[in-house]
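I opened my notebook to look up a few things in this structure.

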Amino acid sequence: MSAFFKTEKSRHFITTQDFTNEEIEMMLDLARDLKIKMASNIPTPYLLYKTLFLIFFDQSTRTRNSMEAGIAQLGGHANFLNPSMMQLSHGETPEDTARVLARMGHGIAVRACEFGKGNKYLRGMASVSQVPVMNLQDDIYHPFQVLADAMTMQERFGKNLKGLKVGISWAYAESHLKPLSVPQSQILLFTRLGMDVTLAYPEKFDLMPDIVKQAQENAEKYGGKLNITHKMEDAFVDAHVVIPKNWGGFFVSDDPEEIMAETRKHKDWICDEEKMKLTRKDSIYMHALPADRGREVVDSVIDGPHSVIFDEAENRIHTAKAVMTLLMGGR
Ligand SMILES: NC(=O)OP(=O)(O)O
């Protein structure tokens, strides 16, 4: 474990692509251990007196609270920064902000989802930061979410996820600009872990071509599969795991009204009981949350026997604590 967090330079957690499969497994193993310790009230003071800076350009329930509660449970402290109260309007660059915060604490975590800008902001910080920069969701990646997803799958299907049949599908929502980062990070990590992934979406609702190419390369290298289809049902047939979720039509048009007009053509892309019947008997329904109930998914599925959404949400704190511990130098 030491080679992972005791490197000369800080490791940044921008995407799971920057970590080996062995390192990803290490994160998941530690998350499992932290979950057991939390349930047994065993203290885990691995980041005693350390400070994490949290910057959120976008709203959050799970991510903010998993990081704030997580570092407190590790013995450290979170300093929440509201961008509207930072010196951004006076032109402070991400590089200068990172240089300053790195002198005052031990980690910087940022949510910045604006399309074409978020990842650049994080990369700017990471290019100079002397402490780990962690991605709490940008316009390309959501690495903390997919670690929690993988942990949830391991809890249901065992540690080895090779060959697991996973359907990731676009679903209808009254929204035109939900980030691409969740499905993109899912196809990247799940193919790395050897899963058999079907990605379904209506034509025009493409993910970023470079990310799809990387996921295809991952599948070839690690023995996974990535099939792309434009029929929602294809993601459900014989699936162990289904993850139907909306994402924005960023490549449909630059005009939000045109995107919504195209989105509304696909109201039938809803996860309902008929589609769940196509899955395996022991299948699980997952969603990163928040879900658009009645549009992305019917209540009887999201509240039904296949749903593991609250395990998935809970696992955000255990995986967050694991990544912070490994990157910020505890244990
Ligand atoms: N899944 C997720 O990232 O939730 P929040 O947007 O509430 O943080």
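Predicted model: local features only at pLDDT ≥ 70, side-chain atom pairs only at ≥ 80, totals over all residues.

**Sheet entries**

I began with strand 1 (residues 51-56) and strand 2, which run parallel and are joined by five bridges. Strands here are DSSP runs (E, at least two residues), helices are runs of H or I with at least four residues, and both are numbered from the N terminus. Two strands pair if DSSP finds at least two bridges between them.

Residues are numbered from 1 along each chain as its sequence is written, and side-chain values use heavy atoms, with hydrogens and water left out.

Next I traced the open sheet: four strands in the order 2-1-3-4, with parallel pairing. Strand 2 (77-81) and strand 4 (133-138) are at the edges with a single partner strand each, so one side of each has no neighbour in the sheet. On average, neighbouring strands of this sheet are turned by 20° against each other, direction ignored. Then I found helix 5 (residues 118-128) packed on the sheet, touching strand 1, strand 3 (107-112) and strand 4. The direction of helix 5 makes about 180° with that of strand 4. Contact means heavy atoms within 4.5 Å. Axes are lines fitted to C-alpha atoms, for helices over the stretch in contact, and angles run from 0 to 180 degrees between N-to-C directions.

**Domain entries**

I looked up the domain assignment, which is automatic or from a database. It gives domain 1 (3-141 + 315-329) and domain 2 (144-312). Their centres, taken over C-alpha atoms, are 25 Å apart. Domain 1 and domain 2 each bring 33 residues to the contact.

**Pocket entries**

A pocket is an open set of points on a 1 Å grid over the protein atoms alone, where a 1.4 Å probe fits, with protein on both sides within 12 Å along at least five of seven lines; lining residues have an atom within 4 Å of a point. Volume is the space filled by probe spheres set on the points, which are joined across faces, edges and corners.

The largest pocket has about 770 Å³. It has 34 lining residues, and C113, Q137, L177, K178 and P179 are the closest to its centre. Where does the largest pocket lie? Domain 1 and domain 2 both give lining residues, so the largest pocket lies between them.
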